[in-house]
Amino acid sequence: MADVAIPRAKPQMSEDSAWTQLKHNRNWLGFWFMVPAMAFLIFFLAYPLGLGIWLSFTDTRIGRVGHFVATENYEWLWDDSIFWLSVFNTLLYTFVASALKFAIGLYLALLLNENMPFKAMLRAMVLIPFIVPTVLSALAFWWIFDSQFSIISWSLKHLGVINQNINFLGDTTWARICVIFANIWRGVPFVAITLLAGLQTVSPSLYEAATLDGATRWQNFRYITYPLLTPIIAVVMTFSVLFTFTDFQLIWAMTRGGPVNATHLMATLSYQRAIIAGQLGEGAAISSAMIPFLLAAIMVSWFGLQRRKWQQGESND
Amino acid sequence: MSSVQIRDVRKSFGNFEVLHGVTIPIEDGQFVVLVGPSGCGKSTLLRMLAGLENITSGTISIGDRVVNNVQPKERDIAMVFQNYALYPHMTVADNMGFSLKLRNASADEINKRVKRAAEILALSPLLDRYPRQLSGGQRQRVAMGRAIVRDPQVFLFDEPLSNLDAKLRVAMRTEIKELHQRLKTTTVYVTHDQIEAMTMADKIVVMHDGIVEQMGTPLELYDKPDNQFVAGFIGSPAMNFLKGHVRVNGVAAFEGPNGVKLPLKTAPTASDGRPAVYGVRPEHFTIADDGAEAEIIVVEPTGSETQVFAKLGGEQVVAVFRERHQFNPGDKVRLKPDPSLVHLFDDATGKRMNA
């Protein structure tokens, strides 16, 4: 056998075609397995991101190739009060909506984790806001908050609480409250279901042990549930913040940034300037200005997600 | 430390009753083992004692106090769980001190008591570790430490050794017994392993299908099982049972399967011809010329003793000998049960017939 094999192997070694290399070199083969994913990421993520950043340094408009203008777009934005208003709106929107989504989501998750009748059905129902397409639910909210046909105004009027319609989307404060409310309504299921999944990984015997140790229900939550849930809270809140910060659909369908730019987020303003007004360079600069904020959010979660000491170490089961 | 009284306790899950009136008196400082096959209700009973399950009817008292409606944390008991239930995000010291922290004990007090418990259990070098960084035996000890620190009236153990490997289990068995001798705290220990029950208990409670089959010291249960279930459950290898009839023709005897004659010291009165089960422990066989003929099937030497599986009257029996007999499969031997150590059970009810 060996005598036969040796002369055969020799020509193969010297040939060293791409195909033989593929067959013998595991790293080379591994590289080719990664190519599809890499191509996907480069074409659909890295390239648009790079192009966006590049555009933000040019004066490109729709239909006209731009020239490099260095930081001129950013200098413009620096003195643009509407831009700063949109930054403020975005931060307010993200902060208030995320905090409330977390509070409501955690509360719902704790509730759904209890034993109760129709548990499976209730859990499924919680997901409904999540599965309805954003634009559809935004349109529904548009009607709910309509200045003339709002069901809320109608109900309150019939109850005698108010005697004229509330101008939900026409008043700056009300408009902000309404879009934040709609965002919370849509985002709560994601937080609730993810936290519920986290809750279910906590062994019930830990609660029994804590109960015997003398813990009240609150102490059970404070000392057992919450610390064991922190890793998943970090993940879910990072996603929640990123989604909320970059929100576009809901605002665009409900208010288009109005009234008087009170609900303009950075994403909607960027779209308005770049696509509607055709100032691609300026729009790209607004989009790029979101990057530092998003990086900051990711950094926070990065450190929050660092495996805690109690999660480390090998298990000896 | 306290006595515990379990009186006519019943437990139903919906319409399904799992405990049918269980009464167990436990004296102050006693080490009581609840043992039985899985599903017999022993763990449920322990959880009722801890307050983790409601009591359907009957009463449980700890000391002089009926605890049926007392919250678990007011019962002053500590429990060691089968999976230890250590808090994964707390160090060993924090795990052990958690109950004291919840009672607002001072940091000094917590520190002192945790240190003392750690010394008792040889956990001192591990106090800063997290449960994940511990071996199975160490986790087991932390779980016990958590119980000790509280200095409770009663310790409850729910199959604490079943997650350990065989060697560690034997070592921990001794450790728990030693601990009890040292602390003398009333202990209720649940296991399905009769060896654990025999080696550790002051009193064993054998449970089966939601009732107490028998209570007593390990040797009482071994020497005089009340019924065939206890006889078969206690002892390893298990007792041999041979069906047949009692014969009293001047001298008492037992007619086993296929007419095999087996010795009886005395027959219960008016029992001639009664169908019965003849029980003999493997270690109570001897080789004697007047024994019953048996054919050897398998020989298993363990060094200290030899287990012999043989066919006696067509039925398979096990015999254990301390002496080193030279047996081969197929050999014919004469096995003789020690008549003063055999057990006789009613064929229909399984109740013990002989004194």
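A residue is called buried if 20 or more other C-beta atoms lie within 10 Å of its own, exposed if 12 or fewer, and partly exposed in between, with C-beta atoms placed from the backbone. This is a predicted model, in which local features need pLDDT of at least 70, side-chain atom pairs count only at pLDDT 80 or more, and totals for chains, interfaces and linings use all residues. Residues are numbered from 1 along each chain as its sequence is written, while chains are lettered from A and ligands numbered from 1 in the order in which they are written.

**View 1. Ile131(A) in helix H7 of chain A.** Ile131(A) lies in helix H7 (residues 128-131) of chain A. Helices (H or I, at least four residues) and strands (E, at least two) are DSSP runs, numbered from the N terminus. Because 9 C-beta neighbours are found inside 10 Å, Ile131(A) counts as exposed. Arg186(A) is 55 residues away from Ile131(A) in sequence, and the C-alpha to C-alpha separation of the two is 9.0 Å.

**View 2. Chain B as a whole.** Chain B has eight helices and 19 strands. Along the principal axes, its C-alpha atoms fill a box of roughly 75 × 45 × 35 Å. Of its 355 residues, 42% count as buried. Among contacts in chain B with a separation of 6 or more, 65% are between residues 24 or more positions apart; two residues are in contact if their C-beta atoms, placed from the backbone, lie within 7 Å. The average pLDDT of chain B is 90, and 99% of the residues score at least 70. Here pLDDT is the predictor's confidence in each residue, from 0 to 100. The model scores ipTM 0.82 and pTM 0.78.

**View 3. The side of chain B that touches chain A.** Contacts link 22 residues of chain B with 19 residues of chain A. On the chain B side, strand E6 (77-80) and H2 each supply at least two residues. That side has 13 nonpolar, six polar and three charged residues. Ala, Val, Leu, Ile, Met, Phe, Trp, Tyr, Cys and Pro count as nonpolar, Asp, Glu, Lys and Arg as charged, and the others, Gly among them, as polar.

**View 4. Helices H2 and H3 of chain B.** Helix H2 (residues 92-102) and helix H3 (residues 107-120) of chain B pack with their axes 9 Å apart, at an angle of about 130°. H2(B) is therefore oblique to H3(B). Axes are lines fitted to C-alpha atoms, for helices over the stretch in contact, and angles run from 0 to 180 degrees between N-to-C directions. Angles under 35 degrees count as roughly parallel, over 145 as roughly antiparallel, 65 to 115 as roughly perpendicular and the rest as oblique. H2(B) and H3(B) cross in a right-handed sense; a crossing is left-handed if the near helix is turned anticlockwise from the far one by less than a right angle, and right-handed if clockwise. From H2(B), Ala93(B), Met96(B), Gly97(B), Leu100(B) and Lys101(B) meet Glu109(B), Ile110(B), Arg113(B), Val114(B) and Ala117(B) of H3(B). By class, the residues of this contact are six nonpolar, one polar and three charged.

**View 5. Helix H11 of chain A and its cover.** In helix H11 (residues 204-212) of chain A, the buried residues are Leu206(A), Ala209(A), Ala210(A), Thr211(A) and Leu212(A). Their cover includes helix H12 (217-245) of chain A, and helix H1 (42-50) and E6 of chain B. The axes of H11(A) and H12(A) come within 10 Å and cross at roughly 135°, so the two helices are oblique to each other. Their crossing is right-handed. Leu206(A), Tyr207(A) and Ala210(A) of H11(A) make the contact with Asn220(A), Tyr223(A) and Ile224(A) of H12(A). Five nonpolar residues, one polar and no charged residues form it. Just after H11(A), Gly214(A) has a positive phi of about 105°.

View 6. In the loop between E6 and H2 of chain B, Ala85(B) has a phi near 50°, a positive value in a residue other than glycine. Ala85(B) is buried, with 25 other C-beta atoms within 10 Å. Asn261(A), in the loop between helix H13 (249-254) and helix H14 (266-276) of chain A, also is a residue other than glycine with positive phi, near 65°. Asn261(A) is partly exposed, with 18 other C-beta atoms within 10 Å. Ser236(B) and Pro237(B) are joined by a cis peptide bond, with omega about -5°. Pro237(B) belongs to the loop between helix H8 (228-233) and strand E11 (240-249) of chain B.
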